[in-house]
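Hello,

Have a look at it before you read on.

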Amino acid sequence: QDYQRVWAGLRGLKLAFYRLPQDQEPLEVLDLGELVTVQAEGGALVLRLRGQEVTVKVESWETQEMWRGFILTMAKMRMPRDLALLPGHNLQLLEALREEKERRGTPVSPASPVVPSCFFEVTRAEAERLLEQSVGRGNLLLRPGGHGQGLSVTTRQELGGTVLLRHYKVKREAQGYVIGMETPHHCSSLADVVQFFVRRSKGSLQPLDPEYSTQL
């Protein structure tokens, strides 16, 4: 099947395709209000609308999953629960959903927790500084992994006057997540990852509350 290279833009229920990114007039506009399903099939996204079917290919699986997430979120006004995305991408979807609800003038209901509230888009060094500045408000956080790979958990504890900073890699797998330790530990969700550290430390580790986190 031959494909035409185009640029796409999504605003609300309008998915527009352009010949060039600077074009003002779209080649075609799809009304996602007519969307029936959108599915990944054979390395492409297949959008089935009432009376129309459109197949779209993108450059990577991650980008394809992001587009599927944004399309379904705008069409259904809620986040799909089967997305295989990193927490940072999920937060982007939640923010887009909040903005779209405000734009449509619909009540913004509390979003279902997709990722733990102790997830922060920070680097390893920023995570260490954030925990240092937030003593007493939590000493454990989730963050993106180094080099864009997976996730990491950063913890900070003071034992006998000595500050101990530890970092653990968290890898996504088909059935959940694996914490990189001497004996790898499997968890069904990111919430379970956080609770594993809380239980393992007998409560001395607690997730950082974003409401009280200090600005970097």
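The domain bounds used below come from an automatic or database domain assignment. On that basis the chain splits into domain 1 (7-105) and domain 2 (124-201), and 32 Å separate their centres, taken over C-alpha atoms.

Before the details, two notes on the numbers. This is a predicted model, in which local features need pLDDT of at least 70 and side-chain atom pairs count only at pLDDT 80 or more, while totals for chains, interfaces and linings use all residues. Residues are numbered from 1 along each chain as its sequence is written, and side-chain values use heavy atoms, with hydrogens and water left out.

**Between the domains**

With contact meaning heavy atoms within 4.5 Å, 4 residues of domain 1 are in contact with 4 residues of domain 2. The buried area (the accessible area, with a 1.4 Å probe, that two parts lose on being put together, summed over both) is about 310 Å² here, and carbon and sulfur atoms give 70% of it. Ala-84, Leu-86 and Pro-87 supply 85% of what domain 1 buries against domain 2, more than any other three residues.

What about charges across this interface? The rule finds 0 salt bridges there, a salt bridge being a side-chain nitrogen of Lys or Arg within 4 Å of a carboxyl oxygen of Asp or Glu. By class, the side of domain 1 that touches domain 2 has 4 nonpolar, no polar and no charged residues. In this scheme Ala, Val, Leu, Ile, Met, Phe, Trp, Tyr, Cys and Pro count as nonpolar, Asp, Glu, Lys and Arg as charged, and the others, Gly among them, as polar.

**Helix α4**

Helices (H or I, at least four residues) and strands (E, at least two) are DSSP runs, numbered from the N terminus. In helix α4 (residues 190-200), Leu-190, Val-193, Val-194, Phe-196, Phe-197 and Val-198 are buried, where buried means under 20% relative accessible area, exposed over 50%, and partly exposed in between (1.4 Å probe, protein chains only). The partners that these buried residues pack against include α2 (87-104), β8 (151-159) and β9 (162-173). After α4 comes Lys-202, with a positive phi near 55 degrees.

**Leu-49**

Leu-49 lies in strand β5 (residues 44-49) and is buried, at a relative accessible area of 7%. Leaving aside residues up to four places away in sequence, Leu-49 touches Leu-30, Asp-31, Glu-34, Leu-35 and Val-36. Leu-49 and Asp-31 are 18 residues apart in sequence and 8.4 Å apart in space, C-alpha to C-alpha.

**Salt bridges**

The structure holds 10 salt bridges. In one of them, Arg-5 pairs with Glu-59, with the closest N and O atoms 3.5 Å apart. This pair links distant parts of the chain: Arg-5 is in the segment before β1 (7-11) and Glu-59 in the loop between β6 (52-56) and α1, 54 residues apart. Arg-5 is exposed at 59% relative accessible area, and Glu-59 is exposed at 71%.

Another bridge joins Arg-68 to Glu-65, with a closest N to O distance of 2.8 Å. These two are separated by about one helical turn because they are 3 residues apart in helix α1, and both are buried. Glu-65, at 6% relative accessibility, also touches Asp-82, Leu-83, Ala-84 and Leu-85, not counting residues up to four places away in sequence.

Arg-156 forms a salt bridge with Glu-158, the closest N and O atoms being 3.1 Å apart.

Best wishes
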